[in-house]
Amino acid sequence: MSVQDRDIAVIGAGIGGLAAARALALRGAKVTVLEQAAEISEVGAGLQISPNGFVVLQALGLGDAVAQGSVRGEAVQLIDHAGRDVVRLNLINLPRSQGYYFVHRSDIIEILAKGARDAGVKIRLLQKVDSIAPGARPEITFTNGAKLSADLVIGADGLHSRLRPVLNGLHTPFFTGQVAWRATVANRFSRGPEVRLFMGPKRHLVSYPLRGGAEINLVAIQERSLWAEDGWAQTDDAENLRTAFDDFCPEAQELLAGVSEPGLWGLFRYPVAKQWVGQGVALLGDAAHPTLPFMAQGANMALEAAWVLAAELAKAQDLARALEAYQRRRLPRTKRVIEAANGNAWKYHLSFAPFRFAAHTALRIGGRIAPAKMLRQFDWIYGHDVTRNSGPA
């Protein structure tokens with residue numbers, strides 16, 4: 001059966017689910033997205049679309065729309081908590097074709113949802129899934145007792161996926177000992193198009209502009225024993241955030257002074273799913289591979305996976321063969337990216353002062369002597385193009 005003949009249900013109207021829906025619909029599939037919320041929206045604030053994710057948006061015909069409403073990044077500046085520059089990675093030295101963008105989550109969700117609908121995708125809201133049964137015609141059961149079957153069910157339903165435990169059993173994530181706050185503030189600081197990352201003992205603060213530079217996105221992470229719930233729905237008193245970073249430099253203090261009601265969540269580590277596919281079903285995005293926010297690759301991995309899944313379904317007449325090829329292509333790369341993210345936090349949070357001084361000094365020297373080499377260490381991520389040689393959408 002060709003992809004044009006398939007009836008596909010996508011659970012979850014997030015970045016990965018909507019991107020997969022458009023990619024499949026443009027290839028001729030009949031696609032329905034099932035979203036449990038009452039409207040297509042996205043909690044949260046900003047995210048970074050690196051070149052490996054942006055090539056997918058371009059291939060889907062949405063690159064211009066995303067670029068128009070975002071900020072093209074020119075640099076990543078690492079700074080110690082006292083305000084001293086450590087090293088600068090110049091994103092403008094990336095090949096011109098490798099766009100790096102700062103975008104608001106709700107903006108990219110809106111663009112993807114419109115793109116899906118324009119491609120013929122049906123989006124059904126208030127669809128709360130209770131269970132999924134794999135099979136020759138996998139069946140979805142909703143909490144109201146209704147049922148729906150399709151040729152393929154894609155579980156793009158996030159951390160608490162209904163499909164993941166069906167394929168992998170139950171896994172209990174563990175608390176990493178870190179919590180994260182996030183917020184947006186007005187850009188009253190004439191901040192340019194760059195990430196500014198302040199590193200301190202057991203904490204770091206990331207900031208970058210959004211929406212044409214009108215806003216600044218903030219993500220602050222602290223190591224602590226008191227854990228917060230997993231998920232993005234909690235809020236916290238802004239004074240708790242400011243107190244946690246009260247010994248950071250004046251620039252960081254000024255940014256935090258504008259925060260009114262930050263989101264707060266605990267960082268939990270989930271294993272990458274061993275099994276992404278089953279009979280008539282596939283996992284995508286955080287449902288398969290949730291990642292800690294230390295490489296800014298969560299959304300980019302979901303975009304890559306959406307394209308690869310659609311491309312493999314378009315190439316193979318046999319559904320099982322296509323799904324196996326999807327997992328085979330995605331699993332090693334995704335694990336490597338997530339392992340890199342897991343190992344990144346300690347580099348920002350060095351608490352032993354002599355060790356921190358030595359590490360920052362090495363970065364400063366490296367940035368002066370071989371700035372291009374500092375950026376090239378990310379070539380394996382940013383230069384990866386899943387759309388190459390896979391045919392047009």
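**Entry 1: a term to start with**

A crossing of two helices is called left-handed if the near helix is turned anticlockwise from the far one by less than a right angle, and right-handed if clockwise. I wrote that down before looking at any helix pair. I also noted that the model I am reading is a predicted one.

**Entry 2: the whole chain**

I began with the overall picture. I found 13 helices and 19 strands in the chain. The radius of gyration is 21 Å, close to the 21 Å that the globule rule gives for 393 residues, so the chain is as compact as a globular protein of that length. I then looked up the extent of the C-alpha trace, which spans about 60 × 40 × 35 Å along its principal axes.

How much of the chain counts as buried? I got 55% of the 393 residues. For contacts between residues at least 6 apart in sequence, I noted that 76% join residues at least 24 apart.

**Entry 3: H1 beside H4**

Next came helix packing. Two packed helices are described by the angle between their axes and the distance between the axes. I took helix H1, residues 15-26, and helix H4, residues 105-118. Their axes come within 8 Å and cross at roughly 25°. Angles under 35 degrees count as roughly parallel, so H1 is roughly parallel to H4.

I listed who meets whom. From H1 there are Ile15, Leu18, Ala19 and Arg22. They meet Ile108, Ile109, Leu112, Ala113, Gly115, Ala116 and Asp118 in H4. Sorted by class, this contact has eight nonpolar, one polar and two charged residues.

**Entry 4: H1 beside H8**

I stayed with H1 and turned to helix H8, residues 298-315. The axes of H1 and H8 come within 8 Å and cross at roughly 25°. That makes H1 roughly parallel to H8. The crossing of H1 and H8 is right-handed.

On the H1 side I noted Ile15, Gly16, Ala19, Ala20, Ala23 and Leu24. On the H8 side I noted Ala299, Ala302, Leu303, Ala306, Ala310 and Leu313. By class, the contact of H1 with H8 has eleven nonpolar residues, one polar residue and no charged ones.

**Entry 5: two residues of H9**

I picked Leu319, which is in helix H9, residues 319-342. Is Leu319 buried or exposed? Buried means under 20% relative accessible area, and Leu319 has 16%, so it counts as buried. Leaving aside neighbours within four places in sequence, Leu319 is in contact with Arg6, Asp151, Leu152, Gly280 and Leu313.

Not counting residues up to four places away in sequence, Arg333 touches Asn52, Met301, Glu304, Trp380, Ile381 and His384.

**Entry 6: a serine in a loop**

My last stop was Ser50, in the loop between strand S3 (46-49) and helix H2 (51-59). What is its relative accessible area? I found 0%, so Ser50 is buried. Beyond its neighbours within four places in sequence, Ser50 is in contact with Gly99, Tyr100, Gln297, Asn300 and Tyr382. I also looked up Gly266, which is 216 residues from Ser50 along the chain. Their C-alpha atoms are separated by 25 Å.

Note on methods: Residues are numbered from 1 along each chain as its sequence is written. This is a predicted model: local features need pLDDT of at least 70, side-chain atom pairs count only at pLDDT 80 or more; totals for chains, interfaces and linings use all residues. Side-chain values use heavy atoms; hydrogens and water are left out. Axes are lines fitted to C-alpha atoms, for helices over the stretch in contact, and angles run from 0 to 180 degrees between N-to-C directions. Helices (H or I, at least four residues) and strands (E, at least two) are DSSP runs, numbered from the N terminus. Angles under 35 degrees count as roughly parallel, over 145 as roughly antiparallel, 65 to 115 as roughly perpendicular and the rest as oblique. Contact means heavy atoms within 4.5 Å. Ala, Val, Leu, Ile, Met, Phe, Trp, Tyr, Cys and Pro count as nonpolar, Asp, Glu, Lys and Arg as charged, and the others, Gly among them, as polar. The radius of gyration is taken over C-alpha atoms; the globule rule is 2.2 Å times the number of residues to the power 0.38. Buried means under 20% relative accessible area, exposed over 50%, partly exposed in between (1.4 Å probe, protein chains only).
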